[in-house]
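Biologist: Hi! Could you walk me through this model while I look at it?
Modeller: Happy to, just ask away.

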Amino acid sequence: MKQRVKLKGRLKAYLQGALILGFLLAAVNVGIYFLDIESGLVLTVFVVFYMVTISVLLYHNKPIIMNEFVNFATQYGQIQRRLLRDLELPHVLMDENGKIIWMNIAFEQVVHKDKGYRKSITSLFPSITKDKLTFEQDAQYELTFEEHDYIMKLKNVSIQDVIDKSELIHEDAFEGHFIAAYLFDQTELNEVKRENDMQSLVLGLIYLDNYEEALESVEEVRRSLLVALIDRRINKYITSLDGIVKKTEKDKYFIVLRKRALLAMQEARFDLLEDVKNVNIGNEMAVTISIGIGLGGMTYAQNYEFARTSIDLALGRGGDQAVVKMDDSIIYYGGKSQQVEKNTRVKARVKAHALQEIITSKDRVLVMGHKLSDVDSFGAAVGISCIARALEKKSHIVIDDITTSVRPLIDLFKNKEEYSEDYVINSSQALELAGNNTVLVVVDVNRPSITECPELIRRCKTVVVLDHHRQTTEIIENATLSYVEPYASSACEMVAEVLQYIGNNVKVKSNEADCLYSGIIIDTNNFTAKTGVRTFEAAAFLRRCGADVTRVRKMFRDDVAEYKAKAEAVSNAEIYKNAYAISECPADGLDSPTIVGAQASNELLNISGIKASFVVTDFQNKIYVSARSIDEVNVQIIMERLGGGGHMNMAGAQLEGCTTKEAMEIIRETINTMLQEGAI
């Protein structure tokens with residue numbers, strides 16, 4: 001395309017200045033004629049000579065002047081180009097599609113191409129895709145090339161803008177733009193950053209979970225040897241990682257490590273858990289430990305707080321595991337052992353007295369469980385209502401959707417004078433009653449997102465949590481009283497223990513005892529799962545209060561549709577890897593298909609060789625997963641991968657945006673991944 005080039009700016013004014021002066025002189029000449037004609041004639045001759053001379057000079061010298069300017073610009077441009085080509089900073093010029101037009105020597109050395117290379121920048125750096133070349137003014141991307149880390153800075157260069165700013169030439173029109181890019185080598189800087197990060201200090205806490213119980217299981221004369229062996233294992237392990245360990249109490253240790261050592265422990269999946277568990281000098285009970293690690297904080301004090309939070313989570317999840325907490329994430333390891341039941345009831349008594357003081361100081365009690373309330377949740381709520389009644393406080397149980405499993409229990413309280421019509425209320429009614437003088441007791445759940453009414457937690461200033469599920473990352477924060485014991489078989493068992501330590505000799509009616517007893521029966525699968533000494537003691541207390549085994553059994557007989565659905569789920573089960581039963585529970589015609597799915601999951605454990613069972617149910621546009629195991633597999637950590645949680649042998653999750661078939665495939669993939677990682 002032929003371009004029309006002409007002078008402009010100061011250069012144009014400089015070259016035309018002589019002509020302008022000639023015209024001014026001619027105007028003066030006209031004025032002189034009025035003063036003196038002879039003088040005017042002389043000046044006219046001079047003006048004509050001046051104008052002719054200037055015109056001739058401008059006409060003949062303009063090409064010479066322009067040629068000199070071009071020569072100067074060419075030499076100046078060559079100097080600039082030479083400097084840019086020899087510049088040590090890698091630089092490349094591309095068209096708007098990313099095709100390389102020109103690159104300097106430093107860029108050629110980086111990409112190992114000669115100056116004639118004219119392919120797209122994407123062929124050199126696949127991460128710089130075509131869509132990344134579309135930006136307003138500037139852009140910046142990180143990339144890796146031949147084990148080097150670079151930052152590529154890109155800038156749009158409009159040719160029209162360059163010409164418009166020129167003081168020498170004028171361009172009528174030009175469309176399009178170029179892309180200039182620079183590479184900044186960040187390899188050494190990143191290496192220094194990584195090394196500095198690896199050297200950062202990590203703080204941790206190690207607790208012995210069952211110190212007292214393990215010592216009691218060994219002869220007295222050998223107890224000091226058991227403690228010494230455990231101390232030696234822990235000290236040797238931490239010292240081998242160039243760490244420091246300090247025993248702060250008889251069953252507590254404080255450790256300091258580098259982050260590099262922590263990564264080694266994570267890669268080995270905290271094999272210290274198994275090392276300590278293998279210490280055996282005749283003790284009937286294996287010693288287990290919990291590890292809490294904190295890192296990534298702005299200060300050492302913050303890392304220590306992270307470690308404290310981690311150890312609390314590890315203990316709240318049943319012990320025998322490690323928890324690593326950073327500023328924005330929490331990672332769990334271990335948790336393969338069943339937590340040992342505590343024989344002492346000191347904790348239950350202390351919590352009971354604290355609960356009594358809290359309820360006494362308030363005017364009203366609201367009791368809430370989880371969504372789709374089950375027997376254990378409702379039974380525990382009834383037990384808390386008994387405590388409120390004994391302390392002469394008005395109580396309400398919050399339930400929105402009454403499931404088929406809970407309906408027989410609620411019927412026990414209908415048409416009875418001692419129970420008001422608002423004994424069971426919904427969420428909207430509860431929100432109206434919430435206030436500063438109301439205590440909210442959350443039972444059988446410790447995750448706010450799956451409670452019956454999460455908003456109620458925010459409305460009530462005083463919140464009490466009683467639960468037997470292992471804690472996850474999501475917890476009810478700022479609870480006035482938190483009583484979470486994963487070893488307990490059910491929330492009803494915990495409430496039954498608390499009832500026995502309330503001061504005013506709580507009177508539990510027979511129908512209320514039936515509700516609490518039902519929760520224990522259902523959650524222990526008729527005393528066959530997670531049953532300990534304290535479970536039977538709680539059941540005996542409820543029997544003395546009037547709970548009737550026959551009456552409870554009649555309430556929980558299945559109807560025909562539920563029985564057939566459960567049988568279909570069992571008969572269609574897939575045995576995956578000869579150890580995991582996966583099935584789908586039909587939901588058509590069932591009021592509470594999730595309950596039936598949980599029952600089917602329990603039934604699948606009766607098949608020989610099955611380590612864990614998973615039953616998926618499509619209900620209310622969600623996929624509910626019920627997971628069960630006996631003792632070999634921790635289904636809680638499997639469900640946590642799916643966003644759920646629960647117990648080691650009883651857990652669940654909710655999935656959205658998928659079908660039951662897709663959910664079953666997700667379960668298979670999760671099992672495969674965790675088997676490869678050694679997590680299960």
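Biologist: Let's start with R269: does it count as buried, exposed or partly exposed, and why?
Modeller: R269 counts as partly exposed, because its relative accessibility is 23%. Buried means under 20% relative accessible area, exposed means over 50%, and partly exposed lies in between, with a 1.4 Å probe and protein chains only.

Biologist: Where does R269 sit?
Modeller: R269 is in the loop between helix 8 and helix 9 (272-277). Helices (H or I, at least four residues) and strands (E, at least two) are DSSP runs, numbered from the N terminus. R269 also has a positive phi of about 55°, although it is not a glycine.

Biologist: Before we go on, what kind of model is this?
Modeller: This is a predicted model, where local features need pLDDT of at least 70 and side-chain atom pairs count only at pLDDT 80 or more, while totals for chains, interfaces and linings use all residues. Residues are numbered from 1 along each chain as its sequence is written, and side-chain values use heavy atoms, with hydrogens and water left out.

Biologist: Good to know. How many helices and strands are there?
Modeller: The protein has 23 helices and 23 strands. Of its 680 residues, 48% count as buried.

Biologist: Back to helix 8, then. At what angle do helix 5 and helix 8 pack?
Modeller: Helix 5 (residues 187-198) and helix 8 (residues 259-267) pack at about 75°, and their axes are 6 Å apart. That makes helix 5 roughly perpendicular to helix 8. Axes are lines fitted to C-alpha atoms, for helices over the stretch in contact, and angles run from 0 to 180 degrees between N-to-C directions. Angles under 35 degrees count as roughly parallel, over 145 as roughly antiparallel, 65 to 115 as roughly perpendicular and the rest as oblique.

Biologist: And which residues make the contact?
Modeller: E195, D197 and M198 of helix 5 meet K259, R260 and L263 of helix 8. Contact here means heavy atoms within 4.5 Å. The residues of this contact divide into two nonpolar, no polar and four charged. For those groups, Ala, Val, Leu, Ile, Met, Phe, Trp, Tyr, Cys and Pro count as nonpolar, Asp, Glu, Lys and Arg as charged, and the others, Gly among them, as polar.

Biologist: How do helix 16 and helix 17 cross?
Modeller: The axes of helix 16 (residues 491-499) and helix 17 (residues 510-523) come within 8 Å and cross at roughly 140°. Helix 16 is therefore oblique to helix 17. On the helix 16 side we find C492, E493, V495 and L499, which meet C515, L516, G519 and I520 in helix 17. The residues of this contact divide into six nonpolar, one polar and one charged.

Biologist: Why is helix 12 called largely enclosed?
Modeller: Because 14 of its 16 residues are buried, helix 12 is largely enclosed by the rest of the structure.

Biologist: How many bridges join strand 13 to strand 14?
Modeller: Two bridges join strand 13 (residues 394-398) to strand 14. V398 stands opposite I425 in strand 14.

Biologist: And strand 6, which strands does it pair with?
Modeller: Strand 6 (residues 201-208) pairs with strand 8 (residues 252-258) in the antiparallel sense over seven bridges. L203 stands opposite V256 in strand 8. Strand 6 also pairs with strand 9 (residues 289-294), again antiparallel, over six bridges. There, the bridge partner of L208 is I289. Seven of the eight residues of strand 6 are buried, making it mostly covered.

Biologist: Last one: is D444 buried or exposed?
Modeller: D444 counts as buried, because its relative accessibility is 2%. D444 is found in the loop between strand 15 and helix 15 (454-459), and its phi is positive, near 65°.

Definitions and conventions
Two strands pair if DSSP finds at least two bridges between them.
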